Amino acid sequence: MSARVLSTRPRYGAHAEETLDQHRYTGTSAGLATAGYRSAKYTPDEWFANNRAALNRAAAESASAEQIQRASKALRAETEAIGALRQTDGTRHLGERLQDIHFRKSELERHIARLQADTERLATLKRRLEKALHATEIPFAIAADNLTCRERRSGPDLVQDRVEEELLKEVELIKSVQSLLKETLDQTVSQIRLNRNTQQILELDWSDKHEAYSLDDQCGRYGNTSTNTQHHANSATAQHQVCDVDGWMRFTQSNVAQAEREEEASVALCMLCERVLQETAEDLQVQSDTVNEAFTQRCKELTHIKSQLELQLKQVLEQIGSQERNISSLQQAVFDKEAPLRVAQSRLRSRAQRPNMELCRDQPQISLLGEVEQISGSVCALQQQLYEARDSLARLEENRMLLEKDIGCKTHSLLIDREKCLKHRTLYPTVLTLSGY
C-alpha cells in the first residue's frame, strides 16, 4: 500500500491548472528509490492552489471585516445619535416635569398660606365669640335682678308697665343672642377643624411634590460623565404600579378644589362672625338704652305723680274749700281739651280720604296721632284728677290717708327704679366688650 496523504485537497479552476502546467517539472524520475517520498507530498500545483486559496480567503475575510467595520461604525453612530436624542428628550421632559411640579407646588403653598391665615382669623373670632358669650352673662344678670327688684313694688305701683315689658324683651334678646353666639361658635370650631384637615392634606401633597421635585432635579443633573450613576436592571419593571399623569393632575386639582371650598367657607364664616358680633352687640346696646330710657321716663312719671300727690295732700291739709274751685278749674280744663281734640280728630278724618299712595303714614299723620293720644291722655288725667278732687270733698280724712299711702308707694317705687335698678345698670358692658374685645 502506497503512503498517500489523506487530506482534502482544494480544487482549482482551468486557469490555475494552466499556470501549474507551465511550472510543471518535466524531468526524469530519480528512480524507484524515491517513490515513497513523492507519494507523501503535495504537488507544486497543489501548493500554488493552496496559496491562492489562502490569499483568496484572506482577501474575502478582509473584505468581510471591512464591511462589518463600516456597518459597526454606522450602527455606533446611529445608536449614539439615538441615545443622545433620547437622553436629550428625557432631560427636556424632566425639565418640563419640574416646571409642572413647581407650578403645582407653588399653588399648594398659596392655598396652605391662605388656609393658615383663615384658620388664624377664625381662631381670633372664636376667642371673640367666647368673650362675647361670656360678656352676655352680665346683662342677663342685670335684667333678671331688675325684674326681681321690681317685684317688690307695692300697691298700685306693682304694674306691668313699659319698663317691665322692655326688661322682658331684653331677657329674651339676651337668650336669643346667646343661642346665636353658641351656634356661630360651633360653626367656627367645625370650620377650623376642616381647615386644619385640608391644610394637612395639602401639606402632605406639597411634601410629596417637594421630594419628587428634588428627585427629578437630581435625575436631570445625571449625565454620561456622572460618577454617581449605576446599573439598576429591574428599574423599569415596576412601571405598572404607578399612576398616570391625568390621575396625578386630578389628585392635586381635587385637593386644590377642596382648599378653595374651605377658603370660601372660611371667608363667608368670618364675615358672618363679624356681622353677628357687631349686630348682637348693637342690638343689646340699643335694647339697654331703651330700657334705660323707659326707666328714666318711669322715674319722671313717678316723680311727677308723687309731686302732684304731695301737692294735693298739702291742698287737702290746708283747706277743703279750695277743692270746689279746683273741681271747677278741672272741669274747664277738660272742656278746653274738646276743641283741640275735635281739631285733631277732624284733621285725621280729612287726611284719611287721601287717594291711593297719598294715604301714607307721614310725619303730619304721626304728629296728629301723637296729638290725639296726648290730648286723650290729658283728658283722662284731668278727669281722674277731677274725680279725686270730688271724692276728696266727701272724705277728706280718708283721702288724706290714701294720698299718704300712695306717696309712700311712689317713694318706694322710685327707690327701686332709680336707686337700685338704674345704678345697677351702670355696670352694663360696653359695645366693645359685647363684641368680644
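**Overall composition**

The protein chain contains 10 helices and zero strands, where helices (H or I, at least four residues) and strands (E, at least two) are DSSP runs numbered from the N terminus. This is a predicted model, in which local features need pLDDT of at least 70 and side-chain atom pairs count only at pLDDT 80 or more, whereas totals for chains, interfaces and linings use all residues. Residues are numbered from 1 along each chain as its sequence is written, and side-chain values use heavy atoms, with hydrogens and water left out.

- Along the sequence, the pattern of the protein chain reads α-α-α-α-α-α-α-α-α-α.
- Of the 437 residues in the protein chain, 29% are buried (under 20% relative accessible area, with a 1.4 Å probe and protein chains only).
- Among contacts (heavy atoms within 4.5 Å) with a separation of 6 or more in the protein chain, 88% join residues 24 or more positions apart.

**Packing of α3 with α6**

- Helix α3 (residues 44–135) packs against helix α6 (residues 245–318) at an angle of about 25°, with the axes 9 Å apart; axes are lines fitted to C-alpha atoms over the stretch in contact, and angles run from 0 to 180 degrees between N-to-C directions.
- The helices α3 and α6 are therefore roughly parallel to each other (an angle under 35 degrees).
- The crossing of α3 and α6 is left-handed, meaning that the near helix is turned anticlockwise from the far one by less than a right angle.
- The contact of α3 with α6 comprises 15 nonpolar, four polar and 12 charged residues; Ala, Val, Leu, Ile, Met, Phe, Trp, Tyr, Cys and Pro count as nonpolar, Asp, Glu, Lys and Arg as charged, and the others, Gly among them, as polar.

**Packing of α5 with α6**

- Helix α5 (residues 162–221) and α6 pack at an angle of about 165°, and their axes lie 8 Å apart.
- This makes α5 roughly antiparallel to α6 (an angle over 145 degrees).
- The crossing of α5 and α6 is left-handed, and their contact has 24 nonpolar, 14 polar and 10 charged residues.

**Leu 108 in helix α3**

- Leu 108 lies in helix α3 and is buried, with a relative accessible area of 0%.
- Not counting residues up to four places away in sequence, Leu 108 touches Leu 202, Asp 205, Trp 206, Lys 209, Thr 252 and Val 256.
- Between Leu 108 and Asp 205, the C-alpha to C-alpha distance is 8.0 Å, although 97 residues separate them in sequence.

Note on methods: Angles under 35 degrees count as roughly parallel, over 145 as roughly antiparallel, 65 to 115 as roughly perpendicular and the rest as oblique. Buried means under 20% relative accessible area, exposed over 50%, partly exposed in between (1.4 Å probe, protein chains only).
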